[in-house]
Amino acid sequence: MKRISSNPRSALSTAIVVALVVVIIVVAAVGAYIAVGTGKQTVTSTITSGTVSTVPTTVTSVSTSTSVSTSVSTASSSISISLTSTLPSETVLETGSSLLYPLFNIWAAALKTAYPSIQFTPASTGSGTGQSSAEKGTVQIGASDAYLTNAQASQYPFILNIPLAISAQQINYNLPMIPASDHLNFSGPVLAGIYNGSITTWNNPAIKALQSSSVAAMLPSNTIIPIHRSDGSGDTFIFTSYLSFSTPSWASGPGYGTTVNWPSVPAATAANGNGGMVTTCEGAEYSIAYIGVSFLQSALTQPTPLGYAYLKNEAGNYVNISQTNILSAANALAPQTPANERISLVFAPGANSYPIINYEYAMVNTTQSAPGMALTLRTFLTWMVAPQYGNSQSFLNQVNFIALPTNTLQLSLAQINEITGP
Amino acid sequence: MPKTPLADLAYKYVTALLCCGALLFIFFIVVILIPYSYPSFVYNGLKFFTTIIWNPALNGNLITVHGVKALSGSSYGLLVFLYGTLVSSGMAVLFGVPAGLAVAIFLTQIAPKQIVAPISFLVELLAGIPSVIFGFWGILVLGPFLLHSLEPQMIKYFGFIPFLQGPPYSYGFLGSGLILAIMIVPIIASISRDVMTQTPVEQKEGAKALGLTNWEITRKIVLPYARTGIIGAVILGLGRALGETMAVAFVSGSAINIIPPNFYSPINTLSAFMTLSLDSAFTDPSGMYVSALVECAVTLLVITMLVNVIARAMVKQGFIRSAEGVIRV
């Protein structure tokens, strides 16, 4: 030390290093104190819940815990949903779909007050990560905009695909000459033509033929810039499903998926995430993009507001992306939803059905690590799909989602009850 | 001062251990990349480097080809991304080298002493800006500027050159090249400056006495003297541009299945594509998509390692030559 202090410069640097170390130690100590503090809280809540349910090691002890049967009959159904009021202390992890993430965050806050013993942590990573994390068991709930493909389902038969809510997608375009009161009409084959490069300009006869005469007269001769997602995405999955189900040549060509083999269109470009789609579409005049309904308001309130299209449904009508139209589409296909609920809602039959809607899924392993965890997941997922709790419009309206129809709700509840301990 | 053998021992072994740790880490990265990319090597073969179609066919059925699992109908070719990586980095060097050299020459030959330190500091600060911030700037400012101002003018005056024709577009070839150029200027500037300051004063004074102008001194004495070091700096900058991910992911336009037909159209690079595709890759139950991305990673690793090894060798040689005073006038 003496030798060091003889050199004023190294003395100064030593002092700085010592000061830094002290600061780090203080910060770490404060952090540790806070962490231990919250840890204590969890411990106490464990004890209280433990005293009520006498440490749930078996499923039977769970059922003896004070379960409050709140059988609520909604206007449309008479499904009785009963939820346990107390749960063991568990840490539930969720990751996946960025479209579902805002809803999971709102739900997490409400669940925190209902079940203080549970640490519920949602994360936004992407549907693919949600699926693979649930398959590998690194999270309990994987959120996904798409159900598992046949190949995935045969590889991971123990993963349940549980619909939690219904989402939709609109087609936005950047055409300053079209007033906001007007909406372009699009059909699947014309959109497929734009995305495969056979329709390249806005005044192409194929586009004009779908429009009212006033809109058709306004269409410019500029090149169309089709924008697709650069990241893997549930939005790509449902958009390409619409193209595949309505256009045979698209079905046999690029097909549908979270990523597809996009045809090479010289003017085409790509953007990352729904937010990136809005920004890119707004930044490029004469562009067209497919964007999740959660971003509709954002698209309409840009400095250059984007227009959105009416889409041709299976019945041949051009329909708006309204709640009633989304609901008619959901109601049309809900009775055909199979027990494993792996079904596309795209291009649903019915005069008013909006053609691009989908179930938002929770991917959950049927066999959980412990009975307590299985009970927690059953309770949480039931809470999420219950019309009086998670599926109430007070939650769903915040992200423009639609509640599950009665048939689907029953199937989801049946799947949720398959979750068991080891 | 009393001897502290324990502290000395700890000092010796802890540092040695950590040093080995760094080496082991590099070793394990390579060891892990190889088995992960093996299925892709087997399934795609040489086609991986010669085709432009990247089609994961996520709805295909599980099949087994040459003993590895894949989805039926899938095919992987990285040519679009390899091309994008090389041309965007090449353009970065094209724009970045003159700018970086100009900064270095100004700072060592022309600038008054009082402003050298603050300017050097600012230039080096530019190197420390996180690349995502460049990306944000690119998507919000540079892209619209290119689309509305620069590219229409370029098309108007240089449109007779085939590659400069075509519709303007905000995110693509030109934008990526410019962003990367800005990012490598500080690297080139600071290394070139270090090499140039080592030019022996006697030679410059002698040249001055012989009546050479400042420009002639720079051209005939300073630049030849620093030549090898400058080449090393350029290659180091190239290495940075090749591996850059975030900034390019924002402004490249993420082209897929198409080689850019003109100077403004969207491109894609290996690193940006890997970042954006990983989530989708996890939905492939055969694991082939992930394996193909790892093969992209191996390709990128090989390219950047080669470039860095060459650069370091050249920078080192440059300094040795400077120290020996070997120059050509």
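## A buried serine in chain B

B:Ser254 is buried, because 32 other C-beta atoms lie within 10 Å. A residue counts as buried if 20 or more other C-beta atoms lie within 10 Å of its own, as exposed if 12 or fewer do, and as partly exposed in between; C-beta atoms are placed from the backbone. B:Ser254 is found in the loop between α9 (246-251) and α10 (270-281) of chain B. Helices (H or I, at least four residues) and strands (E, at least two) are DSSP runs, numbered from the N terminus. Phi of B:Ser254 is near 45°, a positive value in a residue other than glycine. Most residues other than glycine have a negative phi.

This is a predicted model, in which local features need pLDDT of at least 70, side-chain atom pairs count only at pLDDT 80 or more, and totals for chains, interfaces and linings use all residues. Residues are numbered from 1 along each chain as its sequence is written, while chains are lettered from A and ligands numbered from 1 in the order in which they are written.

## Two loop residues in chain A

A:Asn400 also has a positive phi, near 60°, and is not a glycine. Its place is the loop between α16 (393-396) and α17 (406-416) of chain A. A:Asn400 is partly exposed, because 18 other C-beta atoms lie within 10 Å.

A:Val260 sits in the loop between α11 (248-252) and β9 of chain A. A:Val260 is buried, with 27 other C-beta atoms within 10 Å. Which residues does A:Val260 contact, leaving aside neighbours within four places in sequence? They are A:Thr236, A:Thr240, A:Pro254 and A:Gly255. Contact means that the C-beta atoms of two residues, placed from the backbone, lie within 7 Å. The C-alpha atoms of A:Val260 and A:Gly232 are separated by 8.9 Å, and these residues are 28 apart along the chain.

## A sheet in chain A

Three strands of chain A form an open sheet in the order β7-β12-β13, with mixed pairing. β7 (185-186) and β13 (318-319) of chain A are at the edges, each with a single partner strand, so one side of each has no neighbour in the sheet. Strands pair if DSSP finds at least two bridges between them. β7(A) and β12 (residues 310-312) of chain A run parallel, joined by two bridges. A:Phe186 stands opposite A:Leu311 in β12(A).

## Where the chains meet

The contact takes 33 residues from chain A and 35 residues from chain B. On the chain A side, α5(A) gives the largest share, five residues. That side divides into seven nonpolar, 23 polar and three charged residues. Here Ala, Val, Leu, Ile, Met, Phe, Trp, Tyr, Cys and Pro count as nonpolar, Asp, Glu, Lys and Arg as charged, and the others, Gly among them, as polar.

## The largest core

The largest nonpolar core has 196 residues. Such a core is a set of buried Ala, Val, Leu, Ile, Met, Phe, Trp, Tyr and Cys residues joined through C-beta atoms within 7 Å. A:Val364, B:Ile179 and B:Ile188 have the most contacts inside this core. Helix α6 (residues 173-196) of chain B gives the most to the core, with 16 residues.

## Two domains in chain B

Chain B is divided into domain 1 (6-71) and domain 2 (79-326); the bounds come from an automatic or database domain assignment. The C-alpha centres of these two domains of chain B lie 28 Å apart. Their contact takes 21 residues from domain 1 and 18 residues from domain 2.
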